[in-house]
Every structure is written in structure tokens, then in C-alpha cells.
Amino acid sequence: MDSAKDLNGAEKSIIALDIWLQSQAGAYVRAFEQACLDELTADIFGFNALQIGVPQLDALAANRMPNKWQAATRTSTDNELAFAAGGKQIAVALDFAELPFASQSIDLVVLPHVLEFAAEPHQVLREVERVLIPEGQVIICGFNPASLWGVRQGVGRFTSNDYLPASGEFISMPRLKDWLKLLNLGVTRSHFGCYAPPCRTAHWLSRFSMMESAGRRWWPYLGAVYVVHAIKRVKGMHIIGPAWNKKTSKRPQAVPAANRE
């Protein structure tokens, strides 16, 4: 019963995020994240890639793996599969905490705003680590609580006027890195973006567009959104080069001998 309630709560959280992403501020966030994900995933190679959640983003658009899946937790109200960015159909409907994939079978997993709206974020990360192959890669997008948006959200909780979806439990970058480290997921790169104040209209967001370059230069860790890239490290595993066959020469070889007096 409790697990059903948790799943129902997670479903409502995802729905709230879906609605927010359709707003002007949501479009601003999606534009930054799409550009960042395109850059990060373009040079990640393998066979199987998976995006979980946020179908408004096509996180694997620039990736060239032959097998790419987009997963969601729910279907539409008329029992038809929801459609992702670009009109592509959701391939898998699943529970984030119990991924229906074999262990060590996925080369890349992208989690856009999944952990902060999941009922059990630690379990979601454990499942991601399980399905990733050794040296597999994971990319996580999240809202940064140490930002102007994070401060605005904190104030909104007291005034009942939230800026971001109220059901989200936003995770700081140091905290997320600690979680990843415990699972042997080593962070290689991190990006911050969306430095404009928490405005609700496209007009005011564009008025503060000059803050993007200033923020990246003067306060880079205070962006409203972060994107973290990590690799699954396996202890004791070493990359071995090709084994070259050494052919023995049939010609006689000279043997050194000591000089005789």
C-alpha cells in the first residue's frame, strides 16, 4: 500500500513538472538543457542508450547509438502512449526504481529532472548503476538550490507562491556528487546555466539575457540548472590493448661470446 502511494505521489510530481515545462520559464530551461545534452551525447559511443522522463526533451537527439529508448512512468489519460519531443512515441513505460533492463546492458542513461521528483532517488541511482555497463555513462539534469531560483522557491514555500513545482526536492551539486561517488560513478564534467532571475514571462527572461555570459564568468556555480556527466568505474578493471602475435624468426641468430685471450 505504501509503495502504491509513493508511486502515485511520484506520478503527480512528474505531471506537475510536465505542466511547468510548458511555461515560458520551462522553455528557457529546456533550450539550455537541449543544447548542453546535444554537446555531451554527440561523442558517446556504444549500442544502447536510454532517456528516462521529461519527454519534452530529446536528450539522445545528437547521439548515434543504434538502439535508443525514451521511457516514461505513465501513459496518457486515453490509454494511448504519450508522445515525446519531435512526435516520437514513448518506447517504455516503467517504474523508475525498478528498471526492466538486464544488468550491465546499457551504455548511456540520461536522467533529466528525475531524481528530484522521484519518491526514492537513491534507489533510482542504484538501478541506473546496475544497468550500466562498466565504463558506462550517466547524465543528470537538475535544479540548483544554490541559485536565485532556489532562493525564490524557498520563499515561495512560506508564501504558498511557488516558482518551480512544489513537489520537487532539489538536490545540491555537492550532495549529488557524494551519492554518485558511493556508487563508483565518477563525475567527469558539470555544467551550469540559466542565470536570469526567476521571471515568468519570455519578455523579462530575454531582458536579462546578458546575465548568461556574466554568470558563466563571475558566478558560474549559481546557475538555476546543472547538468552532471559521470562514468561508472569498476575497481580492478584495466583497459587492455590488442594482443600482438610475435612470430619467431626462422633465421639463425648470433649468440654473443666472451673474447678469448
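The following dialogue works through several features of a predicted model of a protein chain.

User: How many helices and strands does the protein chain have, and in what order do the elements run from the N terminus on?

Analyst: The protein chain of this predicted model has seven helices and seven strands. Read from the N terminus, these elements follow the order α-α-β-β-β-β-α-β-α-α-β-α-α-β.

User: What share of the contacts in the protein chain joins residues 24 or more positions apart, and what share of the residues is buried?

Analyst: When contacts with a separation of 6 or more are considered, residues 24 or more positions apart account for 71% of them. Of the 261 residues in the protein chain, 44% are buried. As for the surface, the accessible area comes to about 14,900 Å², and carbon and sulfur atoms contribute 56% of that area.

User: Which residues make the nonpolar surface patch of about 350 Å², and where is Trp219 found?

Analyst: The patch is made by Trp218, Trp219 and Leu222. Trp219 lies in the loop that runs between helix H7 (211-218) and strand S7 (225-232). Partly exposed covers the range between the limits of 20% for buried and 50% for exposed, so Trp219, at 31% relative accessibility, counts as partly exposed.

User: How should I read a charged residue such as Glu116: is Glu116 buried or exposed, and which side chain of opposite charge is nearest?

Analyst: One begins with the place in the chain, and Glu116 sits in the loop between strand S4 (106-112) and helix H3 (121-131). Glu116 is buried yet has no salt bridge, and the nearest side chain of opposite charge, that of Arg157, is 9.4 Å away. The side chain of Glu116 does, however, reach the backbone nitrogen of Phe143 at 3.1 Å.

User: Which residues are in contact with Glu116, leaving aside neighbours within four places in sequence?

Analyst: With those neighbours set aside, Glu116 is in contact with Cys141, Gly142 and Phe143, and also with Ser167, Gly168, Glu169, Phe170 and Ile171.

Key
Residues numbered from 1 in each chain as written. Predicted model: local features only at pLDDT ≥ 70, side-chain atom pairs only at ≥ 80, totals over all residues. Heavy atoms only, no water. Helix = DSSP H or I, 4+ residues; strand = E, 2+ residues; numbered from the N terminus. Buried < 20%, exposed > 50% of the residue type's maximum accessible area, 1.4 Å probe, protein only. Contact = heavy atoms within 4.5 Å. Areas by Shrake-Rupley, 256 points an atom, 1.4 Å probe, with all protein chains shown as cover. Patch = residues over 30% accessible without salt bridge, like charges linked within 9 Å, V, L, I, M, F, W, Y side chains within 5 Å. Salt bridge = Lys/Arg side-chain N within 4 Å of Asp/Glu carboxyl O. Lys, Arg positive; Asp, Glu negative; His and termini not counted. Polar contact = N/O pair within 3.5 Å; in protein donor to acceptor, adjacent residues only side chain to side chain.
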